[in-house]
Amino acid sequence: MSEVRIVLPATLNTFTLRGVISDFVDKCQNGLPDKVIIDFGFLGFIHPSGVTFLSNFVHWLHHRGLRCDFYQHTRNGQAHRFLDDSLFFEQHLGNKLNVYRGPRRTTQHLRRVEHAESHYFIRGTLGPWLADALNTNNASLYPFQVCLSEIFNNIQDHSDRDNGSIFAQHFPNINLVRIAIADFGRGIPHNVANVVPDISHNEAIIKAVEAGFSTKSTPRNRGAGLDYLLQTVVGTNGGEVTISSFNGMVRFLPMGGGCRPTPVLTAGFCPGTTIDIELRTDTIIPVEDEPEDLEW
Amino acid sequence: MVIRIIDIVPGADTGTQGNIVYLCLKKLLETNHVVIVSFEDIETATSSFVNAAFVQLLDVLSFLEFKDRIKVTKSGKQINDMIKTRMLQESSKIAA
């Protein structure tokens, strides 16, 4: 039985996850192995994007019919406990490592969400959790909830998958919420290349978020979803969005009430699309939950 | 004539839901000069929903006619902002 061993880095985040896939591809030059061993021995810290990516990667391996074993995952390190609390091991091994552990109050544990249920999850679970964590009302967070719904609509409309993995974590000490959504679909560069050939992967990501640009010309696809995400999270909230897809990786940083795309030149690649949202909790504008008539 | 979105679709989340609302509005506009669209019990609306439900109406109505004949009520700030932004952007494209 052929096998490949993937050693996870000390920190698994949007940047380093790309190296994990590169390592995997390098070791699969002669075709996919029968078994993949994921070594958790060196893992010391894992970001939300790392959790969603790793989960999708394991799902993908199983989807391809590969056996996937974990190694050194039972170490009692910070990241291992965090993954256990995030229900990562329960989702992939069937059980938590420690039955007494469970989701932390500062996280919305790892979930693989189908598009059909994504909006109910965002509205009924994630939104109220966030409102409670930030001690604000739901209405103040509606724009951010819609951002997540836009991403799930994009997964359904533009990837060849119908689900995405989501994980959220609140960092009260630094006034930040990180939310990562990842899918293992065909990715942004592939879709954009169908409309704009010969474009680099970073350019494709920047093109994909352009207001009015869509790779589909249907009444509902008018290139507004990702623009809304950036306007809301980066432009209004002053947070950050990082989009990683295949060889492309672009950070969208706040600049003068707008948003500045900053391509990241980094090795490796990210199958599908991972969107990493950093929401500032100290700049959320309170909104009254009062229905009104639309005034033009 | 008043229609409640919640009586037609379970939410304003997807383009598919928006398209159902669009077909309903288009039919009602044939026999009613003004249609009042109530978002009662709907908290949010995505761009896909608004594109399908309202922006599509710009194929049969001018923007001025839309504002005159479609009245949106019992909608929160996020929904109103989304409808206004999408309608203004798409109508300005048509005007250009």
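Author: Let us begin with a term needed throughout. A residue is called buried when its relative accessible area is under 20%, exposed when that area is over 50%, and partly exposed in between. Please keep in mind that this is a predicted model.

Reader: Is R104(A) buried or partly exposed?

Author: R104(A) has a relative accessibility of 31%, so it counts as partly exposed. Its side chain meets that of D85(A) in a salt bridge, with 2.6 Å from N to O. This pair links distant parts of the chain, 19 residues apart: R104(A) is in the loop between α4 (88–93) and β6 (107–114) of chain A, and D85(A) is in helix α3 (residues 78–85) of chain A. D85(A), at 4% relative accessible area, is buried.

Reader: Which residue forms a salt bridge with E90(B)?

Author: The partner is R222(A), and the closest N and O atoms are 3.5 Å apart. Here the pair crosses between chains: R222(A) belongs to the loop between α8 (201–208) and α9 (225–236) of chain A, whereas E90(B) belongs to helix α5 (residues 77–95) of chain B. E90(B) is buried, its relative accessible area being 6%.

Reader: Why are D81(B) and K77(B) separated by about one helical turn?

Author: The reason is that they are four residues apart in helix α5 of chain B. D81(B) is partly exposed at 32% relative accessibility, and K77(B) is partly exposed at 44%. Elsewhere, salt bridges that share partners join E3(A), K35(A), R67(A) and D69(A) into one network.

Reader: How should I read the cysteines, and how many disulfides are there over all chains?

Author: A disulfide is a covalent bond between the sulfur atoms of two cysteines. The count over all chains is zero. Take C147(A): the closest cysteine sulfur, in C259(A), is 12 Å away from its own sulfur, which is too far for a bond. For comparison, the cut-off for a disulfide is 2.5 Å. C147(A) is buried at 1% relative accessibility, and C259(A) is partly exposed at 26%.

Reader: Which residues touch the most other members in the largest nonpolar core?

Author: In soluble globular proteins, nonpolar side chains tend to be buried together. In this model the largest nonpolar core has 74 residues, and V241(A), F39(B), F49(B), F54(B) and I70(B) touch the most other members. Helix α6 (residues 138–158) of chain A gives the most to this core, with eight residues. Apart from it lies another core, of 33 residues, including L17(A), L43(A), L83(A) and C270(A).

Reader: What is I70(B) in contact with, beyond its neighbours within four places in sequence?

Author: Its contacts are L25(B), L29(B), V35(B), V37(B), F54(B), L57(B) and E65(B).

Reader: Where does UniProt place the feature "domain: DUF4325"?

Author: The unreviewed UniProt entry places it at residues 21–77 of chain B. In the model, that span is 46% helix and 14% strand, and its end C-alpha atoms lie 20 Å apart.

Terms used:
Residues numbered from 1 in each chain as written. Chains lettered and ligands numbered in written order. Predicted model: local features only at pLDDT ≥ 70, side-chain atom pairs only at ≥ 80, totals over all residues. Heavy atoms only, no water. Salt bridge = Lys/Arg side-chain N within 4 Å of Asp/Glu carboxyl O. Helix = DSSP H or I, 4+ residues; strand = E, 2+ residues; numbered from the N terminus. Buried < 20%, exposed > 50% of the residue type's maximum accessible area, 1.4 Å probe, protein only. UniProt positions renumbered as here; feature names shortened; annotations may be inferred. Core = buried A, V, L, I, M, F, W, Y, C linked by side-chain atoms within 4.5 Å. Contact = heavy atoms within 4.5 Å.
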